[in-house]
Amino acid sequence: MSLVTFGETALRFAPPDGQRFETAREATIRVDGTASGVAATAGRLGADARWLSKVPDTPLGRRVVAELHEFGLETDVVWADPGAGRQGLTFHEDADPPRAERLLQDRSNTAMATLTPGELPMGEIQNADVVFTSGATLSLSDTAADTTGALLRAAAGMRAFDLDFHPGLWDAEDAQDALADLLPAVDTLFAAEEQVSAVFDTTGSPREVVHTLATEYDLTRVILTRSEYGAVAYHDGVIHEQDAIETSAVDESGQHEAFIGATLQQLAAGADTDEALLHGVAAAALSRTLSGPLTPLEPSEVERLVDSQQSRRP
């Protein structure tokens, strides 16, 4: 099965050992993007996955694409003139309680914000089994939002979208307006529980929330990720629930993308919703044991974890 994702991938800078940027003398640099992370996970688990984007032809832009290639991800990028748009950056400070983690966004005037539909290979979009993007792409500019809608409407296969709401990129009111226009072009919506409460005017239990969103926006499937509580989904009038798999977390930054990538890979391969969710929480659990937002999952480890969970069922 083929999966095509499109969106911006930022470079993430992070100081070591819980330090603050204010005093840190060094930082690691990693790629960090929802669309590329989803494609990378799905590709490692057996999908024919490809990431599309517009990237500045600068050392930082080339750094992004090189790292994704090293990971084994197929890419198809439009190389933008350096003066036409910059490379997006994020700055992440890790912390243990009572300090809170901090994520600073520096993603204005990026190359991806200028992307138009004619710059991407529409044949790949139209022929893919699954097309995926996220709200972070939608938030970059009006041009990016228009392009996102056009590409999703051109897709003939499953059209999947992750809410991916970050207050540092836009506010909830702007997100609501943009999503009202976009969601009619979406089949499957993914969202982190805490982001739903920030954007949508929904109340109630997770089971009620997925039903409300599916009904209000006429969505085929809504999948709510709940971190340590697993996932809840609505599909064809049925609520599906999957508990999280307990792990000792090393880094949680890539778990959401790992969940989505594994879930989409399974759905596109013909798995039912329960099976897809189980693979999603297994991939998320393994991702938490690895460092960085882009995690090298092994298919055999995911299947072994899935099998162990299935064997415990009554």
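**Exercise 1. A residue of helix H9**

Gln 266 belongs to helix H9, where helices (DSSP runs of H or I of at least four residues) and strands (DSSP runs of E of at least two) are numbered from the N terminus. The model is a predicted one, in which local features need pLDDT of at least 70 and side-chain atom pairs count only at pLDDT 80 or more, while totals for chains, interfaces and linings use all residues. Residues are numbered from 1 along each chain as its sequence is written, and side-chain values use heavy atoms, with hydrogens and water left out.

Task: decide whether Gln 266 is buried or exposed, and find which residues Gln 266 is in contact with beyond its neighbours within four places in sequence.

Solution. 
1. Buried stands for a relative accessible area under 20%, exposed for one over 50%, and partly exposed for what lies in between, using a 1.4 Å probe and protein chains only.
2. The relative accessible area of Gln 266 is 11%, so this residue counts as buried.
3. Contact is taken as heavy atoms within 4.5 Å, and, with neighbours within four places in sequence left aside, Gln 266 touches Ala 271, Glu 275, Ala 276 and His 279.

**Exercise 2. The span and cover of H9**

Task: check what span the residues of helix H9 should have, how many of them are buried, and which residues Phe 259 is in contact with.

Solution. 
1. The expected span of a helix is 1.5 Å times one less than its number of residues.
2. Helix H9 holds 14 residues (255-268) and should therefore span 20 Å, which agrees with the 20 Å between its end C-alpha atoms.
3. Of these 14 residues, 13 are buried, which leaves H9 mostly covered.
4. Phe 259 is also found in helix H9, and its relative accessible area of 4% is why it counts as buried.
5. Leaving aside neighbours within four places in sequence, the contacts of Phe 259 are Phe 190, Ile 223, Thr 225, Ala 231, Leu 277, Gly 280, Val 281 and Ala 284.
6. After the helix comes Gly 270, which has a positive phi near 105°.

**Exercise 3. The second largest pocket**

Task: find how much space lies in the second largest pocket, and which elements give two or more residues to its lining.

Solution. 
1. On a 1 Å grid over the protein atoms alone, a pocket is an open set of points with protein on both sides within 12 Å along at least five of seven lines, whereas a cavity is a set where a 1.4 Å probe fits but cannot get out; lining residues have an atom within 4 Å of a point.
2. Grid points are joined across faces, edges and corners, and the volume is the space filled by probe spheres set on the points; for the second largest pocket this comes to about 170 Å³.
3. The lining consists of Leu 138, Ser 139, Ser 141, Asp 142, Ala 145, Asp 146, Trp 170, Asp 174, Asp 177 and Ala 178.
4. Helix H5 (142-154) and helix H6 (172-182) are the elements that each give two or more residues to this lining.
5. Asp 177, located in helix H6, is partly exposed because its relative accessible area is 47%.

**Exercise 4. Helix H5 and what covers it**

Task: find which residues of H5 are buried, and what covers the buried residues of H5.

Solution. 
1. The 13 residues of H5 reach 18 Å from the first C-alpha to the last, close to the 18 Å expected at 1.5 Å a residue.
2. Buried within H5 are Ala 144, Thr 147, Thr 148, Gly 149, Leu 151 and Leu 152.
3. An α-helix has 3.6 residues a turn, so residues three or four places apart point the same way.
4. The cover over the buried residues of H5 includes strand S1 (2-6), helix H3 (122-127), strand S8 (130-134), helix H4 (135-138), strand S9 (158-162) and H6.
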